[in-house]
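Below is a briefing on an annotated site and its surroundings. The model comes first, then the notes.

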Amino acid sequence: MSRAFLVVMDSVGIGGAPDADQYFNGETPDTGANTLAHIAQACAAGKAEDGRSGPLGVPHLDALGLGAATRLASGADVPGLNATPTGFWAAAQESSRGKDTPSGHWELAGVPVPWDWGYFPDTRPAFPAHLTGAIIASFGVDGILGNCHASGTQIINELGALHMQTGFPICYTSADSVFQVAAHEHSFGLARLLSFCEAIAPILHARKIGRVIARPFVGDEASGFQRTGNRKDFAISPPAQVLTNWVQDAGRRVYAVGKIGDIFSMQGIDEVRKGADDVLMTHLNDLVDSADEGSLTFANFVEFDSLYGHRRDVSGYARALEWFDAEIGTLIPKLRADDLLLITADHGNDPTWVGTDHTRERVPVLCHGLGTGEAGHIGFVDVAATVAMHLGVAAQGPGRSFI
C-alpha cells in the first residue's frame, strides 16, 4: 500500500492572500506580506549575510515548484528560484478566519474552523479579573505574573527571578489565540506546570482561546534564563473528524512528528515523536525507512516560525530554509516509488514585516510522487482530500483531491 508524508514548514507563506487587508500587525494590514519572496529578495540584495551568504539556495524545493507557486500566489519576484518544476505543485488559500497554527493545520487536515477565535487585548492587564480569579482558583496558586502581551524569551528575562521568588506562574499572550504559561522546570516543577496548564485549559477553551501553552525554562538571574524543549500545547479539539482520524479509522497507522499531536489533541494519532527541528528531521528520515505500509506521517517543523519569523530574523530564516532544503534533497531519494511527499505551510510569518505576529498569506503545496504538473489555486482543505485519495482512504468534509 502507498504511504503519505505530509510535512508542514511552519509559517513559510508565499504572499498573495486576497483577504490580507483584514489581518494586521499592530495597525499595519498584512497586505503585501510575503515570507518566501521577501527573504529571497533580501538574500539577493546582500541583506541576509549573518551565518550565510548570497542568493537564497533552495534548489530541491524550487524543483518541486516553490518559486513557481510563489509567483502564482502573488506575482512576486523570487530571486534565485527560477527552476522549471519537476514536481507537482499548487498554491493554497485558507478559508478559516485566522492566521494561526490550529486554523492552518485543522484546515490542511480537512476541517475549516467554524467559529471566530477568542483573543486578549494588548492592554495591561490583558486578562479580565474574573478570568484571572478563575485560573488562580482552579489550581490553587496565590497569583500570576505577566498578564500582558509579551515575547516569550523577553518575559522570562524580565520576570524569571521574581517568579522563582514568589512561585507565581508567568502568564502572557500574543496576537494569536493563546494563553501561555512560563515556569521554571526546577523551582516550580515541570510536572506541576503541565498539570496547571491542563487544569486551566477548559476555562480558556470555553472562551474559544485556541491553545494553552506550557513554556518551561531553566537558569537563574545570574546566568540568564533559557526555554527548554519541553513545551506542551493544550489545544481545543477539532470540531469534526480530520485526516488523522480518517486514516486511523481505515485501520492504518498515523505518526505525528513535532507538535502535530498537540495541535490535534491526539485525535487519530498512534505515535508521537518530538524534539528540535534537527531531531525531527532524523525522525522523519527514520519513518521514511520504517513507517508501515498505508500509513500517514504528519510532521511540523516549527523553528522557521518560532525562532526566526516572530523574531524578524531574515538571515536565520534563510539559513533554516537552506538547511531544510538540503535535508529534503537527501530524503527524497529514499522514498518508495508509490510514496507521496507533500510539503506545505500553515500561514505566513514574514521576517521583513512590521510587528512580530504571523502574516496572512497563501502557502505552497509541493508534491513528490505525483509526477510533474500543477493544480493552480486550491484550498487548504484540498490537501487532506488529496492525501486521503493517495492512501485510498475515504475523505470527509469540503475538500477535493487535486489528483
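Predicted model: local features only at pLDDT ≥ 70, side-chain atom pairs only at ≥ 80, totals over all residues.

Residues are numbered from 1 along each chain as its sequence is written, and side-chain values use heavy atoms, with hydrogens and water left out.

**Domain**
- An unreviewed UniProt entry assigns "domain: Metalloenzyme" to residues 3-394; such annotations may be inferred rather than shown by experiment.
- Residues 3-394 are 36% helix and 21% strand, with the end C-alpha atoms 15 Å apart (DSSP runs: helices H or I, at least four residues; strands E, at least two).

**Annotated site**
- The unreviewed UniProt entry gives the feature "binding site" at Asp305, His310 and His358.
- These residues span 54 residues in sequence, but no two of their C-alpha atoms are more than 8.4 Å apart, so they gather at one spot.

**Asp305**
- Asp305 lies in helix H11 (residues 303-309).
- Its relative accessibility is 5%, so Asp305 counts as buried (under 20% relative accessible area, 1.4 Å probe, protein chains only).
- Not counting residues up to four places away in sequence, Asp305 touches Asp10, Ser11, His310, His347, Asn349 and His358 (heavy atoms within 4.5 Å).

**His358**
- His358 sits in the loop between strand S14 (340-344) and strand S15 (363-368).
- At 1% relative accessibility, His358 is also classed as buried.
- Beyond four places in sequence, the residues that His358 touches include Asn25, Asp30, Lys99, Asp176, Asp305 and His310.

Notes. Buried < 20%, exposed > 50% of the residue type's maximum accessible area, 1.4 Å probe, protein only.
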